[in-house]
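Subject: Structure for your attention

Dear colleague,

Please find the structure below, together with its sequence. I would be grateful if you read the notes after it with the model open.

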Amino acid sequence: MENAEKYAKVDRDILAAMEKPGRFYLAGLAVTATLTVIGGILWAYQIRNGLGVAGYTHPVNWAIYITNFVFWVGIAHSGTLISAVLFLFRARYRTSFNRAAEAMTVFALMVAGLYPLIHLGRSWVFYYLIPYPTQRQLWVNFRSPLIWDVFAVGTYFTVSVVFFYVGMLPDFAIARRCKEGIRKKIYTVLSLGWKGTDREWRHYGMLYLFLAAFATPLVASVHSVVSWDFAMSIVPGWHTTLFAPYFVAGAIFSGTAMVITLVIPLRKAMHLHEYITDDHFESIAKILLFTSLIVSYAYIVEFGLASYGENIFEMEAFRYRALGEFRYLTWAMIFCNSLVPLTLFAKRLRRNTAYLLVVSLLVNVGMWLERFVIIVTSLAHDFDPYVWGTYRPTYVEVGISLGSFGLFFMLYLLFVKNLPVLSITEIKEHL
Amino acid sequence: MADRMVFEDRKQFLEALRRLVREGLPGERIRVITPFGVPEAEEILSRGRSNVRFFALVGAVSGTATGFAFTILTSLSWPLIVGGKPIVSIPPFIIIAFALTILFGALSTFAGFLLLSRLPSLRGIRSGEEHGNAFVILIEDGERR
């Protein structure tokens, strides 16, 4: 095939994903939008009636909302890993996943950002967390991990949005050329008048390299800061130096699973087999396997530290985690995160997308359970047996959680139909 | 007005570009438009490295400085001991400074890119001129750049 024809085919194939949606798509959109609305109504109900409608009781005052926060921030991480770190390592298969992964990062952070607000008793004063000058000259406490969170997650979101947008800039120019009507106008404005001159490309290359370099340390730093929300306290089960690397590995693990969960159906629905190949899935399955091994190692070290630490509170916390009231969740977590991914040592399974989808869904479940188990069991069983307690979620918490999944997938479905799902210019470059 | 050469093939385009430069046409008078970044073209035209990198440096350094200045000065303006920690607690302030280094660095790099590439370009948005997937060489008059 002539080059010009090849390039035109890439344009056509990838922009074809943005054609009129089918029935399944609209049904999916309706379901996710409904879940989002239900979540919103329940949040309004909670704001009106107070946090009492959630299942929070003493001593478990952090539960599903914080679990969801950590879960969604974690999901975001592998987006950055794929788009920034793999770019610096010049991994070719990155092109198949980067756009989808960057979109996932942005949407997951939008959802994650809601949870600290949902978790607040008085959501409307959330701005107390932001340092701003007042006539009282009172500033935030920069020694608090919760303020580090504001800075870490705020920075992460801003940089991810910039990275996402910059990556799409030349593709908007292609969409501008190929689309008609109001869409053409929107893409024209979004493309900022991009023409593809040597000056634009030269500065663009440098910009992309630097954004990747700036985003790379965020992969390690953001979830470390999130882990310090726990590790900086003295609660047994939380207070450990292991937390930062443990959380970072877990974040990449769960995010990679989410990328697989999103891209397998995307490839099938949009007929992108030519651009996202089984080889690419095999490579990303190796990342999943590798991070699973790190997470499993962290589980072992965590129990090891408790067993050999000579600290009875720590020992009790871990005995309770493995054998107490929430033991089924703990064992389900170990099954999903440590045992199931081991099967990916088999090459044939790594290349089987149906199997990979099942594994990735189980990993998502397992990683959600991991955060739940860490948060709830540690709080339920801390130092003094007199104040031990338990926790059961209410329908409000479950509904808001499902609503957040609805919101995430709704945003994702909108992304698929409105923005180029693969990086068209990068694919052409590698042709 | 500019002379225009249009190619469908990347190799032919690069050959023509090389020939033009060998014939002694100064690189400043040549502009190229490509469907994706072609590093070889930049090399042939000996454009040098993009100055976007200086924006990255200045942004990152000012982010670090802002992070430390902000945390230290606000803590000193209301010196209240919290949790037995010193008023100026450097380790936690490093986290804020680190986050702002990355934030300011990334935003300033982006701003530098827009400035140096002269985007957003109203003329580009309005003109509706498209080159599709073609590789274009434009040779401008000596007068104008």
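This is a predicted model: local features need pLDDT of at least 70, side-chain atom pairs count only at pLDDT 80 or more; totals for chains, interfaces and linings use all residues.

The interface of chain B and chain A

Chain B contributes 63 residues to the contact and chain A contributes 53 residues. Together the two chains bury about 5,300 Å², with 69% of it on carbon and sulfur atoms. B:Phe36, B:Ile102 and B:Asn133 supply 11% of the area that chain B buries against chain A, more than any other three residues. On the polar side, 14 residue pairs are in polar contact between the chains. The elements of chain B that give two or more residues to this side are strand 2, helix 3 (52-77), helix 4 (90-116) and helix 5 (122-127). Helix 4 of chain B gives the most, with 18 residues. Two salt bridges are found across the interface. B:Glu130 pairs with A:Arg176 in a salt bridge whose closest N and O atoms are 2.9 Å apart.

Helix 1 of chain B

At the start of the helix, a side-chain oxygen of B:Asp9 comes to within 3.0 Å of the backbone nitrogen of B:Lys11. Just after the helix, B:Gly24 has a positive phi of about 95°.

A:Thr105

A:Thr105 sits in helix 4 (residues 94-119) of chain A and is buried, with a relative accessible area of 2%. Beyond its neighbours within four places in sequence, A:Thr105 is in contact with A:Ala76, A:Gly79, A:Thr80, A:Tyr156 and A:Ser160. A:Ile75 is 30 residues from A:Thr105 in sequence, and their C-alpha atoms are 7.0 Å apart.

Salt bridges

The count over all chains is 20 salt bridges. One of them joins A:Asp11 and A:Arg177, at 3.4 Å from N to O. A:Asp11 lies in helix 1 (residues 3-16) of chain A and A:Arg177 in helix 5 (residues 145-178) of chain A, so this pair ties together parts that are 166 residues apart in sequence. A:Asp11 is buried, at 4% relative accessible area, whereas A:Arg177 is partly exposed at 23%.

A:Asp11 also forms a salt bridge with A:Lys428, the closest N and O atoms being 2.9 Å apart. A:Lys428 belongs to helix 15 (residues 424-430) of chain A and A:Asp11 to helix 1 of chain A, so the parts tied together here are 417 residues apart in sequence. A:Lys428 is buried, with a relative accessible area of 1%.

A further salt bridge links A:Arg392 and A:Glu325, with closest N and O atoms 3.2 Å apart. A:Arg392 is exposed at 51% relative accessible area, and A:Glu325 is partly exposed at 36%. Finally, salt bridges that share partners join A:Asp279, A:Glu282, A:Lys347, A:Arg350 and A:Arg351 into one network.

With kind regards

Key:
Residues are numbered from 1 along each chain as its sequence is written. Chains are lettered from A and ligands numbered from 1 in the order in which they are written. Side-chain values use heavy atoms; hydrogens and water are left out. A polar contact is a pair of N or O atoms within 3.5 Å; within protein, one must be able to donate a hydrogen and the other to accept it, and residues adjacent in sequence count only if both atoms are side-chain atoms. Helices (H or I, at least four residues) and strands (E, at least two) are DSSP runs, numbered from the N terminus. Contact means heavy atoms within 4.5 Å. Buried area is the accessible area (1.4 Å probe) that two parts lose on being put together, summed over both. A salt bridge is a side-chain nitrogen of Lys or Arg within 4 Å of a carboxyl oxygen of Asp or Glu. Buried means under 20% relative accessible area, exposed over 50%, partly exposed in between (1.4 Å probe, protein chains only).
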